[in-house]
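Thank you all for coming.

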Amino acid sequence: MRIVAKTASRRRFIRRGMELGGGLLAVPALAQTPDAGPVNDTLRTIHSLRTIHGDFSDKQVPDREVKAILGASIRAASASNMQSYSIIVVRDAATMQKLTGYRGSCLLLYCADYNRTIDTAKLMGYEFHADNMEAFITASTNTMLAAQTAVIAARSLGIDSLLTNGIHRGDMERIWTLLDLPQTACYPLIALILGYPRTEPDHKKGRLSGPGVIHNEKYHRLSQEELGKIILLCDDKAMQLNQSEGFEKKGYKHYLDWFYKEWAGRGRTTGETPMFKRLKKSGFVDLAG
Ligand SMILES: Cc1cc2nc3c(=O)[nH]c(=O)nc-3n(C[C@H](O)[C@H](O)[C@H](O)COP(=O)(O)O)c2cc1C
């Protein structure tokens, strides 16, 4: 019964995509898209990625697997091969909860971090400065590549994950207190929680993949018509692009009405956000500039 329902939903998804111009679509499962190009185990793993939104079972990820995930994570490219990040491995569930609001088997906290580089320089009689936004962007790029590589490596081992910026919610000082992070030149960017799902997610999120996402040769600003198609795609249940199932019940015509009115503006404060204040305290904001 379930397979029949899924197939029907998928047919609706494809039909809807064709009606809306096809080019705006991303199809959720690689195995079902023989025309999407070559298929291999790596691509299958990538296309099987999905987030477990905190519903992890008590089953533990063995240390051996965590080690393999970390080994793959640090293989990601980094500017000048400087690996300007630190990865804090946390196994304590209460600490995970305090850090992110979630708990799983293991948490990897990915921090943009220059302290190793600064301290090595000092030891050798040099100065190394990372107190500017350029350094922060470079370190962030390196850090995020390592984090996503870990996500893929984990999935290839049958281990699921949640990337969460829950660390940026609430009083961020708790992260420095709980983990003894250096006060400057170190900033936690993302937490990756690893584990096994308690229950299989009942759907997989789709993606936009056409105009406005992929640009050929030059940037293409979307026309009103193309924007209108995206608004409808976000409403389409079969696309699974949205994260508020009941936007109609809440009285909204479109999912994006809910998104812009209720979600995007939530918690907005005037003046500096706590996150930006902490970024300044970490010394990455070049105040002289
Ligand atoms: C920067 C970032 C922060 C996220 N934070 C959360 C979070 O706090 N809670 C959560 O359940 N999912 C979080 N996610 C997961 C996204 O909701 C998820 O990737 C997105 O909805 C697409 O779903 P999928 O990964 O299953 O395809 C986050 C993802 C990213 C990249």
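I will go through the sheet, then one of its strands, then the ligand shell.

Please keep in mind that this is a predicted model, in which local features need pLDDT of at least 70 and side-chain atom pairs count only at pLDDT 80 or more, while totals for chains, interfaces and linings use all residues. Residues are numbered from 1 along each chain as its sequence is written.

The sheet is open, with four strands in the order 1-2-4-3 and antiparallel pairing; strands here are DSSP E runs of at least two residues, numbered from the N terminus, and two of them pair if DSSP finds at least two bridges between them. Strand 1 (85-90) and strand 3 are at the edges with a single partner strand each, so one side of each has no neighbour in the sheet.

Strand 2 (residues 106-113) is joined to strand 1 by six bridges, with S86 opposite C111, and to strand 4 by eight bridges, with A112 opposite Y187. Eight of the eight residues of strand 2 are buried, meaning that 20 or more other C-beta atoms, placed from the backbone, lie within 10 Å of the residue's own. C106, L108, Y110 and A112 point one way, and L107, L109, C111 and D113 the other.

Strand 3 (residues 160-164) gives the largest share of the shell around the ligand, three residues, where a residue counts as near if its C-beta atom, placed from the backbone, lies within 6 Å. The shell includes R50, H53, T164 and K205, and T164 has A191 in strand 4 as its bridge partner.

Note on methods: Buried ≥ 20, exposed ≤ 12 C-beta atoms within 10 Å, placed from the backbone.
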